[in-house]
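Please keep the structure open beside the text as you read.

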Amino acid sequence: MSRAALALGGLVLAAGTAAAAPAPASAEALLDRFAANSATLDVAAQAALFAPDAAFFGSSVPGLLRGPEGARGYFAEAWAKASPGTMTCEVQSWRQPSPDLVLVSAWCRLVRPERTAQLRLSGAAQRGPDGWRFAELHVSAAPAPR
């Protein structure tokens, strides 16, 4: 999966039930669900992808956010005026130093009617008793090409 593209614009999750959905069964499914939720603007489903003690740097706030509540607040604010779109991620690095830990880096392209953004994503996904969640995640705007 070193350079697999993940096209997820067509996946739609119901906002009322997504937060209660079980954690993804694989690290690949976790990344897929992150991109799908980003496309459909499902705040509750996105927040549910973070472990209770997760650390998260978003692209539009200066500080470190913690756990699902930090992610929920971030995405609610970031997506308040956004329109649904599509998000694709091309994995650049995928390492699994242990059976319950995956380190991933990806270039993501988020296309919405109001704008298109190139993003960098890096993080650690950890398998817990109920499935895979983000333990660490950093998403930021990609710098302009030189």
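## Ground rules

Helices (H or I, at least four residues) and strands (E, at least two) are DSSP runs, numbered from the N terminus. This is a predicted model, in which local features need pLDDT of at least 70, side-chain atom pairs count only at pLDDT 80 or more, and totals for chains, interfaces and linings use all residues. Residues are numbered from 1 along each chain as its sequence is written, and side-chain values use heavy atoms, with hydrogens and water left out.

## Helix α2

Let's start with α2, which covers residues 27-40. The expected span of a helix is 1.5 Å times one less than its number of residues. For the 14 residues of α2 that comes to 20 Å, and the end C-alpha atoms are 20 Å apart, so the two agree.

Buried means under 20% relative accessible area, exposed over 50%, and partly exposed in between (1.4 Å probe, protein chains only). Among the buried residues of α2 are A27, L30, L31 and F34. Just after α2, L41 takes a positive phi of about 65°.

In β5 (residues 101-112), V102, V104, A106, C108, L110 and R112 make up the covered face, while L101, L103, S105, W107, R109 and V111 lie on the uncovered one.

Two strands pair if DSSP finds at least two bridges between them. Antiparallel pairing links β4 (residues 86-98) to β5 over 10 bridges, with V111 of β5 as the bridge partner of T86; a hairpin of 2 residues joins β4 to β5. β5 and β6 (residues 115-128) also run antiparallel, joined by 12 bridges. Here R120 of β6 is the bridge partner of W107, and 2 residues lie between β5 and β6 in their hairpin.
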